[in-house]
Amino acid sequence: MAAEIFSVLYQFADVFAFLILAAAGLAIIFGMMGVINMAHGEFIMCGAYVTTALVHQGMPLILAQAGGALAAGVAGIVLEITVVRSLYARPLDSLLATWAVSLIVTQGMLVLVGSSFAGGGTPEGSFQVGIYTFSTYRVILFLAALGVLAFIYVLFMKTRFGVHARATMQNASMARALGMRTNLVYALTFGLGAALAGLCGALYAPTMTLIPTMGATFIVESFVTVVVGGTNVLLGTAPAGLALAVVRTALIGWHGQIAGQIGMLLAVMVMIRILPNGFSGWLGKWARNM
Amino acid sequence: MLSYINGPQTLGTGRGFWISFAVFCLVAIAYPFFADPYDVGNFAYFLLWIFMAMGLSIMWGYTGMLSFGQTFFFGIGGYGYGVLSILMGAEYGLTFLALLLAVGTAAVAALVFGYFMIYGRVTGVFFGIMTLSMTLALAYFLGQTAGPEWAIGKARLNGFNGMLGMPPLTIPWFGGDVEILDTTLYYFVIGLLFVIYFAVRILLNSPFGYVLVAIREDPERSELLGYDIRKYQIIAFIVGSALAALSGVLYTAWGQFITPSSVGLPAAAMPIVWVAFSGRRDITATTLGTFVLLLAFQTITIYSQQWALILMGALLLATVLFVPEGFVLGLARAARWATLRRRRAPIVEAEMRSEEA
Amino acid sequence: MRINGVLPGVISALALGMAMAMPAHAQEPIKVGLLEDVSGDLALMGMPKLHGAELAVEEINNSGGIMGRQIELIHLDPQGDNARYQEFARRLLSRDKVDVLIGGITSASREAVRPIIDRTDTLYIYTNQYEGGVCDASMISNGAVPEQQLSTLVPYMVEHFGKKVYVVAADYNFGHLTTEWTEKLLADAGGEVIGKEFIPLGVSQFAQTIQNIQKADPDWLMMLNVGAAQDSFFEQAMAADVHYPMASPIKVMLGFEHKRFAPPALSGLKAVANWYEELDTPEAEDFKKRWHAKYPDEPYINDMGYNAYVALYQYKMLVEKAQSTELEPIREVIATGEACVDSPEGEICIDPKSQHTSHRMRLVSVKDDHTVETLHDFGVIEPYWLGEIGCDLTKENPQTQYSPDNLPG
C-alpha cells in the first residue's frame, strides 16, 4: 500500500516538474513581458544541446547544466536585442517573428549538427519502494522545479532587479522617467526567461532523445500552464501546474497516456471558461475580498 | 446591398483597383488556356486554402479574436466530407450535399464552442489557447482512431494514417459524371472565391462589419454604446470557422485523403502565419498574400532542399521587422508611394501620415 | 611501323567505343522521382534514404545505366508534411513525368501518395518496413512486414524468455496493427499479452508506463514505440533500474538507438531485421565500404536507407526484364515470380500476389556496450500474409490496405 501511495505521489511530482520546468521561462517571457514566444522550445533545445556537448567534453553534469542555461540566456539576450525589442508594441507580430526564428534555428541545427545527437546518460541511479524502483534523478527534477519557483518569487519580489523589472513591464515610460534603464531591464528579463527555458532543457537532456525539434515536446504544455496561470506569473504558474498535474496524473493512471493528453486539454478549456483571467486573476480577486 | 462592396473596411476602392481587379479576373480565367495543366491544378490547390485564411482575417483582423482553431474546423469539414461522401456516394451530385452538410456541421460546432467561449467572456490570449487546446484535442483524438471500432458505416477514420476512399466533388452530367479535378477544380475554386470574396466585402462594409471593427478597437466602448458584442463576435466566429471548413472539404476532395496532421501542430499555426504575413486587417491583402506565400513556400521547398525552412523563416522574419503592416499592404503602399511621388511629391508625406492615424 | 600499326588500332577502338557509347547518351534518361524527408522531424531517417538512392543511381549510371539509359534522379523534400507529399507526388508525375516514384517514410505519407499514383500508370516503390497489408497493383513494397519480422521474433522470445509479455506501442495504426500481430503470434506460441499500453506520438515522459510494467512484471517487453520523443523510454527505464528483456521489430536497424543512447540503455534488446549496419557478410561489407566512401559522415546505414538503395536495383531488374518502363509489362515480370535481385542481404524476390518483397531475416542482440551481434539467421522469409487472406494482384486490384481487423470480402 505504501508503495502504491508513493508511486502516485511520484507520478504526480514527475508531471508537475515537467509542467513547471517547461513553463517557467515562458511564464516570464510570455506571462510577464507579453511576448508570444514560439521559439521557447528552441531555447530548451539549446540548453539541452549545450549541456550534452559539455558533458561529452568531460565536464561534470551540474556545471554543464549551468552552462546550458547560460548559453540559452545569452541567446535570449541576443534575440531580444536583434528582433524582439522592436516588437513590444505588436505582440502578435512577435508570434510570427519568433515562429520564424524557431524554423531557422531547428532547421539550422539540423544542417549544422545533424539529425541527432548522442545522449549522455542519466546520473544518480535508482531507489526502491515496495515492488517498484524509481529513478532518483526524477526526484531531483521535482526539487529543481520547486527551486525554480522559489527563485522566481525571490528574484521578482525581494531584489532590486525584480522591482525594476516589474515596474518596467507595468509601465515602461513611467519607469524610464524614473531613471530606470528599461532597455537593459527588458534584455535581462528576456534573457532570464530564456535561461530558465535552457535550464529545463539542461535538466531533461540526460533523460531524452536529442533532436533539433525536441523543443516541440514541451511547447504545448508550457503555453497551457502559463495561460491557465493567468497574467500574474508569480501568483499563477504554481497553482496552474498543480491543477494540471493532478488532472493529468489521475487520467494517465486511470486510462492511459491518451486520456491524460486529451483530458488535460479539455481541463484547460474548462478552467479558462471558469476562470477567464486564469488562476492569478481568481487568486487576486479572492485576496482582495478577504 | 451592392453598394457595400466599397467601404472604409476594405482597401482598394478606387477605379484603379477595380480595373486591375477586372484584369486580374480575366487573366485568372484565361490562365488554363496557356499554362501547363500541372500548374493549373497546383494553383487550384493553393486557392483552396485561401478560404481558411479569409475566415481568420474576419475573426482576427477585423474582430480581434485570435483563433488557433481554424484547423479544428478544417478537420471537421474534411473528415465530415469524407464520411458523408463515402456513405452517400458520388451519384446525383450528392458530393455537393456532403460539402454543404460538412460545412454546416462545422458551423454548428462553431456555434457551440463559440457560445462556450464568447459567452464565457474568454478573450485575448485565453481565447487563443482555448482554441488551440480544442484543436490539439481533436488531433489527438483522430490520431488514435486506427481501430475498426472508429468507423461510421463503411467510412473508417483510420487514425494517423488518414482517411481514404472518398470521391472527389462530382457533377452529374449527360453521359457520365464529371469529377471536379485539375482544371475543372481550378474554375470551381475561382468561382467560389469570387463569390465569397464579394460576400465578405459586403459583410465587412455593412453596419455589421462596422460593429466588428468597433469591437476590435474597443470592446468595452462598443458594449457601452449598446451593442451586444457577444452576438457579433459569435457570428464572426461562425462565419470564419465555416470558411475554414470549406477549405477542409475542398482539400479532402482534391486529394481524396485527410490525416490528423492537417488538424494538429504545426498545421494549426499556418493560417496565422499566412494572415499575419499578408496583412490581417484587410481581406484583399489576406487573399492575395496567402496565395503568394503558399506559392513562395512551395517554390522554395522545391528548389532549396534542406535550406528551405531556413529561407522561409528568414522571409517571415524580414517581413515582420521591415514591413510591419504585412507583406501585401506594404507592397501596395510602396507602389502607391512610387506613383504618387512622380505626380505630387510634397503631399505624399502628409497623406501617408494621415492614413497611419 | 609498329606505331603505325598500333595507333590506328587504338583510334578505331576509341571510335568504336564512342560509337557504342553514343546511342546510350543520346537516349532520354530514365527519370526517377524520389520523395524523402530531409528536413523536420523525420530527417534522421530520411537522410540515409536519400543517400541510398543517390549511391545506387551513381553506381548504376557508372555501369551503363538501365538498358543503356542513364538515370536522372529528381528528389523533392516533403519535410514530413503529408500535404507536401500530395503536392510533390503530383508535380513529379505530371510536371517531371517521372517513370517511377520512390519514397515516403510514414504510412500516412504512403497513403497520401497512393490515391494520386492510382490515377496514373506509374509504378510506386515504398521502401520502408511498415505494418503491412497494402494490396495495390501500382505499388511495390520492399521493406519488411510483420510476418517477416514478428513470426520469427515472437516465437524466439517465447522460447528463450517466457510467455508473459507487456507491449508498449505508439498509439497509431502501426502500433495497433503490430500489437494485434504480436497477440496472434503469441497465442500460437503459447504466450499471452499481460499488459499493453498505447502512447500518443510525441509523448516523451514515461514514469507511469515504467511503473505499470513493474506492476505487471512480464517476462519480456515488446517495444513498438515510435519516434524520437518516445525513444526516451529506454533512457528513463534504465534510470529507474527497470531491466526486462526487450524485443522490437523497429529498434536498432531503423533509428539506430544503440548509437544515439549512452550504453547500456538498450542492452539485451532483440530485433529481427533484413538489414542492419553490423551485418558482416562479404556482400554487406563491400556495400558498406562503398557507402561510407561516398558519405563518410553517415552516422548509421539504416534499413530504410538500405531498402532505398535496393529499390533502384529492383527497378533496374524489372525494367530490363520487361524491356519497358511501363507499369503493365513490369507487372507481367512480377507475375512470373522471378523478379529477383542479389542484394547485400542475399537474394530477394518480389511476391506476385502482394508485390511485397521476400527478405533474409536475421536476429540481432544488443550487448552491454551497445555493440550488436547476430544470433540467428532465419533464412529467406516470404511476405505471405496478404496472399493468405486473398489478395492476388495478378487477378484483381482492390487498391486497399487490409489488416487483421479489415479482411477482404
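Student: Start with Asn37(A). Where is the place of Asn37(A)?
Tutor: Asn37(A) sits in the loop between H1 and helix H2 (40-56) of chain A. Helices here are DSSP runs of H or I with at least four residues, strands are E runs of at least two, and both are numbered from the N terminus. This is a predicted model, where local features need pLDDT of at least 70, side-chain atom pairs count only at pLDDT 80 or more, and totals for chains, interfaces and linings use all residues. Residues are numbered from 1 along each chain as its sequence is written, while chains are lettered from A and ligands numbered from 1 in the order in which they are written.

Student: Is Asn37(A) buried or exposed?
Tutor: Asn37(A) counts as buried, because it has 32 C-beta neighbours inside 10 Å. The cut-offs: buried means 20 or more other C-beta atoms within 10 Å of the residue's own, exposed means 12 or fewer, and partly exposed is in between, with C-beta atoms placed from the backbone.

Student: What is Asn37(A) in contact with, leaving aside its neighbours within four places in sequence?
Tutor: Leu26(A), Ile29(A), Phe30(A) and Thr98(A). Contact means that C-beta atoms, placed from the backbone, lie within 7 Å. Separately, Thr237(A) is 200 residues from Asn37(A) in sequence, and their C-alpha atoms are 17 Å apart.

Student: Switch to H5(A). How many residues does H5 of chain A have?
Tutor: Helix H5 of chain A (residues 136-158) has 23. From first C-alpha to last it reaches 32 Å, close to the 33 Å expected at 1.5 Å a residue. That expected span is 1.5 Å times one less than the number of residues.

Student: Which residues of H5(A) are buried?
Tutor: Arg138(A), Leu141(A), Phe142(A), Ala144(A), Ala145(A), Val148(A), Ile152(A) and Phe156(A). Their cover includes helix H1 (2-32), strand S2 (132-135), helix H6 (160-170), helix H8 (182-204) and helix H10 (233-274) of chain A, together with H7 of chain C.

Student: What does UniProt list for "transmembrane region" in chain A?
Tutor: The unreviewed entry lists several spans, among them 15-36 and 137-156. Such annotations may be inferred rather than shown by experiment; the positions use the numbering here, and feature names are shortened. In the model, residues 137-156 of chain A are 100% helix and 0% strand, with end C-alpha atoms 28 Å apart. Residues 15-36 of chain A are 82% helix and 0% strand, with ends 24 Å apart.

Student: Now chain C. How many residues of chain C are in contact with chain A?
Tutor: 34 residues of chain C, in contact with 35 of chain A. H8(C) gives the largest share of the chain C side, 7 residues. By class, that side has 16 nonpolar, 10 polar and 8 charged residues. Ala, Val, Leu, Ile, Met, Phe, Trp, Tyr, Cys and Pro count as nonpolar, Asp, Glu, Lys and Arg as charged, and the others, Gly among them, as polar.

Student: And how many residues of chain C are in contact with chain B?
Tutor: 27, facing 30 residues of chain B. H3(C) gives the most to the chain C side, with 9 residues. The classes on that side are 9 nonpolar, 9 polar and 9 charged.

Student: What does the domain assignment give for chain C?
Tutor: Domain 1 (30-144 + 279-359 + 381-401) and domain 2 (150-248). Those bounds come from an automatic or database assignment. The C-alpha centres of the two domains of chain C lie 30 Å apart.

Student: What is the mean pLDDT of chain B?
Tutor: It is 89, and 95% of chain B residues reach 70 or more. pLDDT is the predictor's confidence in each residue, from 0 to 100. Over residues 345-357 of chain B the pLDDT is below 50, and this stretch has 3 contacts beyond near neighbours in sequence.

Student: What about phi of Val252(C)?
Tutor: Val252(C) has a positive phi of about 75 degrees although it is not a glycine. It lies in the loop between S10 and H9 of chain C. Val252(C) counts as buried, because it has 28 C-beta neighbours inside 10 Å.

Technical notes: Contact = placed C-beta atoms within 7 Å.
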